[in-house]
Amino acid sequence: MLSLSLSLPNPRYCLSNPFSLITNNPRLHVFTNDQYAGVGITSPEEPIVTPVGLHRELMPKHVAVIMDGNRRWARSRGLMPQAGYLAGVGALKVVVDLCRKWGIQVLTVFAFSSDNWLRPKVEVDFLMRLLESTLKDEVASMSRDEIRVSVIGDISKLPQSLRDFITHCENTTKNNSRLNLVIAINYSGKYDIVQACQSICQKVKDGEVEPEEINEFMIDNELCMNLMRFPDPDLLIRTSGEIRVSNFFLWQLAYTELYFTETLWPDFGEDELLRAFHTFQQRRRRYGG
């Protein structure tokens, strides 16, 4: 099971007054070249558990989460935003562990949008340190629990120490197969589509593809998730009451079931995840048919 330790300063002392605008022209990358393999295979030591009231055959294979509401959670308690992010890490660890136990094949979490650079610099810096600290704290337990970590997004703009540890974490866990945890950092759904089109245009320019051969399957294969051979999400969960997808997986969510909850991310736990899965299993997925 994932631990709950974090070696970060008390958020009460992380006062943030300055507001620094940082603009980026994101270039989307898939950070790992490892191929997607062994999805859903579990270690013989710990069998998959199906919660009471849910049907194994109807469980989503890929769950995506927009973890929203950390700052509002902190403000409602008179705390600085950093306290909300710390609490949000705790919620993430709970959800990761539940998905692992329940046999979910892929869990993708939207950790940092390319638009989030517009937040106060002290807040962004804290998030970068938090991402690195969490990975360092959890890489050993994720290896033990057969969790494979992959990162999508433009990691070139992240601090060098974080980029280095992402590489270490991906390499350390690349042979794990119980749960595939995909972390979207500096990710943009719009640019995901743009870079796919650019890649196809280059192939046309090089004479590898004729313009009339371009179709949705070709575009799909150039997107970041498909480069890693991950299936599109079956279920998207967004917390905090916001009813939008906020530039996340704009192409991949075409047939995804959407679940919105008023619960703020730090308060999201087993009961809310069960409620989301129950709702998912009650829907009829027609895929346009």
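Visitor: Why does Tyr287 count as partly exposed?
Guide: Tyr287 comes out at 47% relative accessibility. Buried means under 20% relative accessible area, exposed means over 50%, and partly exposed is in between (1.4 Å probe, protein chains only). So 47% puts Tyr287 in the partly exposed class. Keep in mind that this is a predicted model, where local features need pLDDT of at least 70 and side-chain atom pairs count only at pLDDT 80 or more, while totals for chains, interfaces and linings use all residues. Residues are numbered from 1 along each chain as its sequence is written, and side-chain values use heavy atoms, with hydrogens and water left out.

Visitor: What puts Trp251 in the partly exposed class?
Guide: Its relative accessibility is 26%, so Trp251 counts as partly exposed. Trp251 lies in the loop between β5 (235-238) and β6 (257-260); strands (E, at least two residues) and helices (H or I, at least four) are DSSP runs, numbered from the N terminus.

Visitor: Which residues is Trp251 in contact with, leaving aside its neighbours within four places in sequence?
Guide: Those are Ile193, Glu216, Ile219, Asp220 and Leu223, contact being heavy atoms within 4.5 Å.

Visitor: What makes the link between the side chains of Trp251 and Asp220 a polar contact?
Guide: The distance is 3.0 Å. A polar contact is a pair of N or O atoms within 3.5 Å; within protein, one must be able to donate a hydrogen and the other to accept it, and residues adjacent in sequence count only if both atoms are side-chain atoms. So 3.0 Å falls within the limit.

Visitor: How many aromatic pairs does a search of the whole structure find?
Guide: There are 9. Rings of Phe, Tyr and Trp (its six-membered ring) pair if their centres lie within 6.5 Å; planes under 30 degrees apart count as stacked, over 60 as edge-to-face and the rest as tilted.

Visitor: Why is the pair of Tyr187 and Phe249 called edge-to-face?
Guide: The ring centres are 5.5 Å apart and the planes stand at 85°, so edge-to-face is the label. Tyr187 sits in strand β4 and Phe249 in the loop between β5 and β6, so the pair ties together parts 62 residues apart in sequence. Both Tyr187 and Phe249 are buried.

Visitor: Then why is the pair of Tyr255 and Tyr287 called tilted?
Guide: Here the centres are 5.7 Å apart and the planes at 55°, so the pair is tilted. Tyr255 belongs to the loop between β5 and β6 and Tyr287 to the segment after α8 (270-282), 32 residues apart.

Visitor: What makes the largest pocket a pocket, and what is its volume?
Guide: A pocket is an open set of points on a 1 Å grid over the protein atoms alone, with protein on both sides within 12 Å along at least five of seven lines; in a cavity, a 1.4 Å probe fits but cannot get out. The largest pocket has about 860 Å³, counted as the space filled by probe spheres set on the points, which are joined across faces, edges and corners. Its lining has 38 residues, with Met67, Asn70, Phe110, Ala111 and Phe112 closest to the centre; lining residues have an atom within 4 Å of a point. Helix α3 gives the most to that lining, 7 residues.
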